[in-house]
Amino acid sequence: FDNKKDDEQWLSNVLRRLQAKECTEEPLYITSVKALHDLNPSAKTAYGLGNIADTQSEKFKYWDQAIELGVSKDLESRIHYKKGIAYKAQGQYSSAKREFLAANAAKPSFGAPFLQIANMIASSANNCGDSVFEKRAVNWVAARYANKAAAVDPSIKSNAAQAAASYNGRAPQKADIFQNPDYNSGDTISFSCWVGESVRIP
């Protein structure tokens, strides 16, 4: 390898063969990607290094670099989505939401990011709003995102529609709205938690 590490063509061929065989965990793949990136940084090598990086900060550094160096909109969307999933797993919902919105912006027909946001909002219901009514009302925002997912992405339309119906079922119903002394149908509720959005009571 040492006498070939400055040979860009050879390194590119090695990478192509290893990627085709899904051998991206192989030591040869890792050293080849790093050598090629040092020689000629490209979106492809940056993305490859992000995939094999050990730490999240290193992954994100390379993935961001890949976007800066110019990847397809499809891959840009996938990178933002992967970052969103990582932030979501750590409970960093505000950062996750930003990445999921960027994933959809890069590929508007990709509905899964909206479903992920809906899921995070619904799971935050107890931390959003002061009263029980407000905590339940945040489910309307979750349903709004699930409906967005259904509208843009036919491949997940039925799942997204089911999710929206489930979130609407958890939100205040007509009788709850009628009996609530603080709010009426047509009023707006704003959420100051990480969701940072408002919703109009139906």
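Select A43, A46, Y47, L49, G50 and N51 in helix α3 together with K59, Y62, W63, Q65, A66 and L69 in helix α4, and the contact between the two helices is on screen, contact meaning heavy atoms within 4.5 Å. By class, the residues of this contact divide into eight nonpolar, three polar and one charged, where Ala, Val, Leu, Ile, Met, Phe, Trp, Tyr, Cys and Pro count as nonpolar, Asp, Glu, Lys and Arg as charged, and the others, Gly among them, as polar. The model is predicted, with pLDDT of at least 70 required for local features and 80 or more for side-chain atom pairs, while totals for chains, interfaces and linings use all residues. Residues are numbered from 1 along each chain as its sequence is written, and side-chain values use heavy atoms, with hydrogens and water left out.

Now show the whole of α3 (residues 43-52) and α4 (residues 56-69), whose axes lie 7 Å apart at an angle of about 165°; the axes are lines fitted to C-alpha atoms over the stretch in contact, with angles running from 0 to 180 degrees between N-to-C directions. The two helices, which are DSSP runs of H or I with at least four residues, are therefore roughly antiparallel, a label given to angles over 145 degrees.

Next, colour the salt bridges, each a side-chain nitrogen of Lys or Arg within 4 Å of a carboxyl oxygen of Asp or Glu; a search of the whole structure finds eight.

Begin with K73 and E76, whose closest N and O atoms are 3.3 Å apart, and which, being three residues apart in helix α5 (residues 73-89), are separated by about one helical turn. K73 counts as exposed at 51% relative accessibility, whereas E76 counts as buried at 16%, buried meaning under 20% relative accessible area, exposed over 50% and partly exposed in between (1.4 Å probe, protein chains only).

Then select K107 and D74, whose side chains meet in a salt bridge at 3.0 Å, N to O. Because K107 lies in the loop between α6 (93-106) and α7 (112-123) and D74 in helix α5, the pair ties together parts that are 33 residues apart in sequence.

Move on to E99 and K83, joined by a salt bridge at 3.4 Å, N to O, with E99 in helix α6 and K83 in helix α5, 16 residues apart. E99 is buried at 6% relative accessibility, and K83 is buried with a relative accessible area of 6%.

Note on methods. Parallel < 35°, antiparallel > 145°, perpendicular 65-115°, else oblique.
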